[in-house]
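Hi,

Here is the structure I promised to pass on.

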Amino acid sequence: MPTTRSPQPLRGVRVLSLALNLPGPAALMRLRALGAACTKLEPPAREGTSGDPMGQYNPPAYARMHEGVKRLTADLKTEAGQAALHKQLLRTDVLLTSFRPSALAKLGLSWPALRKRYPALAMVSIVGAPGERAEEPGHDLTYLADAGLVTGLDLPATLFADMGGALMAAEAVLKAVLLLRSTGRGSAHEVALSDAAAWLALPRSWGLTQPTGAVGGAHAGYRVYPCKDGRVAVAALEPHFAAALCEAAGVADGQRMKTLFAPATHEAIARFLAGRTRAQLDRLAVERDIPMHTLA
């Protein structure tokens, strides 16, 4: 059976990455999917099989992100490593980094130095925080905390800032390639992980995901409830979905927005769901066309 191939707008574009850990490799994974030819230059391995820390503390994740990526090793603090780097830069369209600006400067990779030597080279720099804050230490957790996305003592469910930053880095590469094709000259782009966290936090800053917000728990049709043998994530937000949920739970006037915010509605739906198994709720979701997903 024929399959539909995704468009590959970056086919023929050569990306060289020096970025370690998660955001850079995750960006490479996206760029590969867009058709780019990706090469990664890593420091010599200290333990395990990779000089990238990700390859040491989670080899399966490292392997997944580097599928189709040509991996080379070079110590950029040595003359041989610098020679290997610049040999690659001669055939590179976009350079991806994740060093602090001061570290890039020590390696001779500041944007002014690169622009002078390679006028057609574009650069995407992943940093922790933007501008003058780029030298500050930080990680995904601290950026999420700063954006108001750490609301208790539990760790966030995933690395939102890192993965959001990876998407923004891939977006920056697309922007750099468009500029390169229209002007013939390279350009520099900075992607801050703290900006990625702030972008993801916008719905919370608008009040949408606050406890009083429609998707923060105040709307009875958009919550996680316990059921007889697990949990159920209910996303009956639109009026027709909410009405179907309320009808199933025996709640009158379920098409009215005011009804969905009433404490009595929350209680009635909670009682209804608590008395049913996951299998029953899975069937109900299909029969009544209600967006629900059961969980253990």
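Leu200 counts as partly exposed, at 37% relative accessibility (buried is under 20% relative accessible area, exposed is over 50%, and partly exposed is in between, with a 1.4 Å probe and protein chains only). Leu200 sits in helix H9, residues 193-200 (helices are DSSP runs of H or I with at least four residues, strands are runs of E with at least two, and both are numbered from the N terminus). Together with Phe160 and Trp199, Leu200 makes a nonpolar surface patch of about 330 Å². For such a patch, residues need over 30% relative accessible area and no salt bridge, and nonpolar side chains (Val, Leu, Ile, Met, Phe, Trp, Tyr) are joined within 5 Å, while like charges are joined within 9 Å. The areas come from the Shrake-Rupley method with a 1.4 Å probe, and for residues only the protein chains shown count as cover.

Before you go further: this is a predicted model, where local features need pLDDT of at least 70 and side-chain atom pairs count only at pLDDT 80 or more, while totals for chains, interfaces and linings use all residues. Residues are numbered from 1 along each chain as its sequence is written, and side-chain values use heavy atoms, with hydrogens and water left out.

Now the charged pairs. There are five salt bridges, each a side-chain nitrogen of Lys or Arg within 4 Å of a carboxyl oxygen of Asp or Glu. One of them joins Arg14 and Asp93 at 3.2 Å, N to O. That pair links distant parts of the chain, 79 residues apart: Arg14 is in strand S1 (residues 14-17), and Asp93 is in the loop between helix H4 (79-89) and strand S4 (94-97). Arg14 is partly exposed at 39%, whereas Asp93 is buried at 15%.

Another salt bridge, 2.8 Å from N to O, pairs Lys40 with Asp52. Here Lys40 lies in strand S2 and Asp52 in the loop between S2 and helix H2 (53-57), twelve residues apart. Lys40 is buried at 0% relative accessibility, and Asp52 is buried at 0% too. Glu42, also found in strand S2 (residues 37-42), is buried with a relative accessible area of 5%.

Which residues of H8 are buried? Among them are Ala161, Asp162, Val173 and Leu180. Just after H8, Gly184 takes a positive phi of about 80 degrees.

Last, the cysteines: the structure holds zero disulfides (a disulfide is a pair of cysteine sulfur atoms within 2.5 Å). The sulfur of Cys227 is 18 Å from the closest cysteine sulfur, in Cys246, so it is too far for a bond.

Cheers
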